[in-house]
Amino acid sequence: MLTKRLVACFDIINGRVTKAIQFQDNIDVAPAEELAEAMYNLQIDELIFYDITASSEKRKIDIPTIKKVAGKVFIPFTVGGGIKTLDDMYEALKAGAEKISIDSMAVRNPQLIADGAKAFGSQCVVLSTQVKKTDSQPSGYEVYIDGARLATGIDAIEWIKQGQELGAGEICLNSIDNDGTLKGYDLELMLLAESAVSVPLIASGGAGKPEHLVDLFSKTEAQAAIISSMLYSPRLEKNYSVLELKECLTQNNVNVRPVKVY
């Protein structure tokens with residue numbers, strides 16, 4: 001049985017980790033490389049890093065910060081934001097990333113998914129999708145881009161099916177409605193997604209307590225969960241360690257990689 005993965009997610013602005021609610025009102029947390037080292041020492045399974053202003057500022061991803069973070073962690077490390085070309089992907093991989101996440105640019109140029117998969121392998125390409133509930137799409141969910149600011153008119157489930165066909169090796173579904181609310185993941189969204197695609201799914205948006213992880217992994221086939229607020233958000237009265245989260249999951253019969261206690 002495959003182990004479920006816990007993924008620390010960093011929203012990066014000027015080399016620092018920030019935390020938002022529904023993609024707005026980001027507050028500063030810490031330098032990216034310092035928090036990355038702390039998460040690695042806590043034995044998080046993976047790390048994902050979004051340069052959240054790269055696209056809106058029309059610039060490339062923050063390569064110096066990728067290098068700093070990559071020097072502190074020895075776990076799978078995904079980066080996204082400002083990735084427009086194969087050369088951008090190559091630069092990020094050369095800087096120390098293991099996987100590339102593409103989001104807004106994939107919507108604007110779907111061929112980028114196929115080109116990335118052909119050049120670096122499907123396992124290297126993560127399609128990250130910002131989605132919001134709507135009555136205007138058949139699935140009930142619409143794709144948004146540019147930091148959840150721009151509605152695309154694209155049905156979210158049809159889009160991830162296309163992404164898989166183009167070669168994406170993983171799909172990350174970011175719930176705009178649930179992001180930062182601490183009310184739990186959008187399980188309906190994940191169930192729709194798992195019925196539409198066969199590649200691993202990553203759930204993002206809404207986790208506020210360990211039970212939300214239990215619900216996700218026991219009620220859906222999601223392979224990984226993005227967590228940030230529970231780990232380091234200054235808005236929470238209590239932050240959780242990776243050990244605490246995994247102990248709760250293990251007690252609820254969810255298979256996870258154990259934390260080594262020294």
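Colleague: How many helices and strands are there in the protein chain?
Modeller: The protein chain has 10 helices and 12 strands. Both are DSSP runs numbered from the N terminus, helices being H or I with at least four residues and strands being E with at least two. This is a predicted model, in which local features need pLDDT of at least 70 and side-chain atom pairs count only at pLDDT 80 or more, while totals for chains, interfaces and linings use all residues. Residues are numbered from 1 along each chain as its sequence is written, and side-chain values use heavy atoms, with hydrogens and water left out.

Colleague: What share of the residues in the protein chain is buried?
Modeller: Of the 262 residues, 58% are buried. Buried means under 20% relative accessible area, exposed means over 50%, and partly exposed lies in between (1.4 Å probe, protein chains only).

Colleague: What does the C-alpha trace span along its principal axes?
Modeller: The span is about 45 × 40 × 35 Å.

Colleague: Turning to the nonpolar core, which residues have the most contacts inside the largest one?
Modeller: They are F10, L213 and I227, in a core of 76 residues. A nonpolar core is a set of buried Ala, Val, Leu, Ile, Met, Phe, Trp, Tyr and Cys residues joined through side-chain atoms within 4.5 Å. There is also a second, separate core of nine residues, with C9, I202, A224 and I226 among them.

Colleague: And what is F10 in contact with?
Modeller: Setting aside neighbours within four places in sequence, the contacts of F10 include V17, A32, L35, F49, Y50 and Y232. Contact means heavy atoms within 4.5 Å.

Colleague: Next, helix α3. Which of its residues are buried?
Modeller: In α3, which covers residues 86–94, the buried ones are D88, M89, A92 and L93. These residues lie on the same side of α3 because they cover an arc of only 135 degrees around the axis. The arc is that of the directions from the helix axis to the C-beta atoms.

Colleague: What covers that buried side, and which exposed residues are on the face turned away from it?
Modeller: The cover includes α2 (63–70), β5 (77–80), β6 (99–102) and α5 (111–120). The face turned away carries D87 and K94, which are exposed.

Colleague: Which residue with a positive phi follows α3?
Modeller: That is G96, with a phi near 130 degrees.

Colleague: You mentioned β5. Is G80, in that strand, buried or exposed?
Modeller: G80 is found in β5 and is buried, with a relative accessible area of 1%. Not counting residues up to four places away in sequence, G80 touches F49, Y50, D51, I61 and S101.

Colleague: Where is D62, and what does it touch?
Modeller: D62 sits in the loop between β4 (46–51) and α2. At 17% relative accessibility, D62 counts as buried. Not counting residues up to four places away in sequence, D62 touches G15, F49 and D51.

Colleague: One last topic: how many bridges join β8 to β9?
Modeller: Three bridges join β8 (residues 141–145) to β9 (residues 150–155), and the two strands run antiparallel. Two strands pair if DSSP finds at least two bridges between them. I145 stands opposite L150 in β9.

Colleague: How many residues lie between the strands of that hairpin, and what phi does D146 take?
Modeller: There are four residues between the strands, and D146 takes a positive phi near 55 degrees.
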